[in-house]
Amino acid sequence: METSTLKADKEVVDSHLKKRLVDNPEDLTSLPPRKKDAQLGDGHQQKNRELLLGSAKSATYNILLQLCLRLMSFFLNAVVLHHVSTDLLGVVNVRLLLLYSTTLFISTEGFDQACLSKLENKDWRQIINLSWCTVPVSCLVSGVLSTVWIFFLEAPDPHEIPHYYLGVVSYAASTIITCIARPHFIVGQAFLWVKLRVSAVAVSELVRVVITVVLVLKFPWLGIVSFSIAQIIHSLIYTAIYYVTFFINIDGKEENLIFTEIRDFFPQKPKNKPWLNREQTVLAKNFFASAIFKQILTEGEKYVMTVFGVLNFSDQGIYEVINNLGSLVPRFVFKPIEESGYVLFSQSLKRGQRLQDNTKEAVEMTTKVLTLLIRTVTLIGCIILVFGQSYSYLFLDWYGGKKISAGPGPLLLKWYSVYVLFLAVNGVTECYYLATMGNEEISSYNKKLLVFSGVLLASTLALTRMFGSVGFIIANCINMGTRICHSMWYIEQCYKTSHHSPVRSLVMSKAVILSLVLSYCITQASEKYFCCSYGFLYQLVHVGIGAICFFSVLLVIWLKEPGIWVYVLEQYKAHKRTSPKNEGMKKE
């Protein structure tokens, strides 16, 4: 009886404290530390350790998620590739997905970065209010872009590809449905609910791909309607998972969650404060402008295809197949690393402040992580560059047959392996830049992005006329190279008074460089003598030689780059020690 009373009293006190934190988050610093936290040491050090572990766990889960999703999509898309025309692939994968990605990115990017930034005296009610602005913004953006897609862009032949207008409306509506879950997404990111994001994306993507394949195989005459139905269901499931998860955990089962009622996730007027935090609103406005330019830079080749029509829908479909295959590693490895790195840097370092104005522990931790991330993605990018030159043709021939490998596909994939290295370095260096720059730097960055966008569009138009579809990839390499130089200059300026230099981690050891060069020469010779017109057994010999070279490179990296493996091992051990506390769901 006494135990039950004490437990009930504890729940009342915890509920009161959580409610107090929602209304007055600054009171967090005045709360007495728990016994477990006191045993772990200094508050700042513990917070940095939790952020580091949370970011590492986030990157791990995201990479595993992306790996599973891409493998699943890899095989299922191969099935779709053999049952739909390349014209339909071009309309769906370029035209309609461009509408979806543009609307979603412009509607959410600015608010995400503003809400997740480290600011003084953050109020969660104001953060929730700001995050809900994504819904009306998505309605406005989707309405404007849908009008452009329907009335100002060339529509496909209705006899060959019917229901194009229905597809435009469906993909625009799916964006709005996804944005309805954005406040919950932001809260989940802030509290490092990694498994929630992984589950939401995994389940919704799985359903989308499976529905698409079933409809394409069973009802091939539906065309775009099949993809539209799958896209709408994907967004509904994604949103439902977030709402159901927070509804289940709102009763106090998750001790790290400071929200106590369902209405805490919806707009409310804070006590003695305006609806929105002025500093966060300015941040969101500045990031909103940069999001437009960043989206143009990210999807530049698709905008050129869509607006200027330099390729027909069939060629666009082939290019997009190569683009999806070439971006497997950037999507399931580099993007999760970039997202987790952004959360770590933005939560550890004060935005717009000099490096020395932050705590020593935060600077040392972020410097170590930034250095290791740059070195890691550079090594991965170089490995892909080396082996992509000798195995592009064989890979496409096995995947899609002569329909893809007989044309410009292999050359496109070889160039894409070069582009992957640029993507790898830019992702990490730019995420540090975006996570730490202040309002004035953001405004300046928007102007620079305008220049970058102009250079990309001009180079794309010029190079596609000279080299065809390969010109898109070369133009993207130039674009990424320019952005890398800018981000590196910013990082060097941050560390100019420090003895650290994360940018130098781009330079690999001589042994690693030598192993990569030898592997390139050996695999090129193997491709010439064993691939790809001498039969399946010779192709297997070519693959075997590549495997030996690949594992030899990994062995050299293991011996000459011990810092990477030691860091991964440290994070794994730390995660194992603290996983019950980090999960917040396991009981002693």
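The following exercises, each with a worked solution, concern the predicted model shown above.

Residues are numbered from 1 along each chain as its sequence is written. Because the model is predicted, local features need pLDDT of at least 70 and side-chain atom pairs count only at pLDDT 80 or more, while totals for chains, interfaces and linings use all residues; side-chain values use heavy atoms, with hydrogens and water left out.

**Exercise 1. The chain as a whole**

Determine how many helices and strands the protein chain has, and what share of its residues is buried.

Solution. Step 1: helices (H or I, at least four residues) and strands (E, at least two) are DSSP runs, numbered from the N terminus. The protein chain has 22 helices and zero strands.

Step 1: a residue is buried under 20% relative accessible area, exposed over 50% and partly exposed in between (1.4 Å probe, protein chains only). Of the 588 residues, 52% count as buried.

Step 2: contact means heavy atoms within 4.5 Å. Among contacts with a separation of 6 or more, 83% are made by residues 24 or more positions apart.

**Exercise 2. A pair of helices**

Describe how helix α20 (residues 510–530) and helix α21 (residues 536–560) are arranged.

Solution. Step 1: axes are lines fitted to C-alpha atoms, for helices over the stretch in contact, and angles run from 0 to 180 degrees between N-to-C directions. The axes of α20 and α21 come within 10 Å and cross at roughly 180°.

Step 1: α20 is therefore roughly antiparallel to α21, a term for angles over 145 degrees.

Step 2: residues making the contact include Ser519, Thr523 and Phe530 of α20, and His542, Gly546 and Cys549 of α21.

Step 3: by class, the contact has twelve nonpolar, seven polar and two charged residues. Here Ala, Val, Leu, Ile, Met, Phe, Trp, Tyr, Cys and Pro count as nonpolar, Asp, Glu, Lys and Arg as charged, and the others, Gly among them, as polar.

**Exercise 3. Thr523**

State whether Thr523 is buried or exposed, and identify the backbone atoms that its side chain reaches.

Solution. Step 1: Thr523 lies in helix α20 and is buried, with a relative accessible area of 0%.

Step 1: its side chain reaches the backbone oxygen of Ser519 at 2.7 Å and that of Tyr520 at 3.1 Å. An α-helix has 3.6 residues a turn, so residues three or four places apart point the same way.

Step 2: leaving aside neighbours within four places in sequence, Thr523 is in contact with Phe387, Ser390, Tyr391, His542, Gly546 and Cys549.

**Exercise 4. Helix α5**

Explain why helix α5 (residues 124–131) is described as largely enclosed, and find the residue that caps its N-terminal end.

Solution. Step 1: eight of the eight residues of α5 are buried, so the helix is largely enclosed by the rest of the structure. Among them are Trp124, Arg125 and Asn129.

Step 1: the cap is Asp123, with a side-chain oxygen 2.8 Å from the backbone nitrogen of Arg125.

**Exercise 5. Gln113**

Step 1: Gln113 and Phe288 are 175 residues apart in sequence, yet their C-alpha atoms are 9.5 Å apart in space.

Step 2: a polar contact of 2.3 Å joins the side chains of Gln113 and Glu109. Such a contact is a pair of N or O atoms within 3.5 Å; within protein, one must be able to donate a hydrogen and the other to accept it, and residues adjacent in sequence count only if both atoms are side-chain atoms.

How values were computed. Angles under 35 degrees count as roughly parallel, over 145 as roughly antiparallel, 65 to 115 as roughly perpendicular and the rest as oblique.
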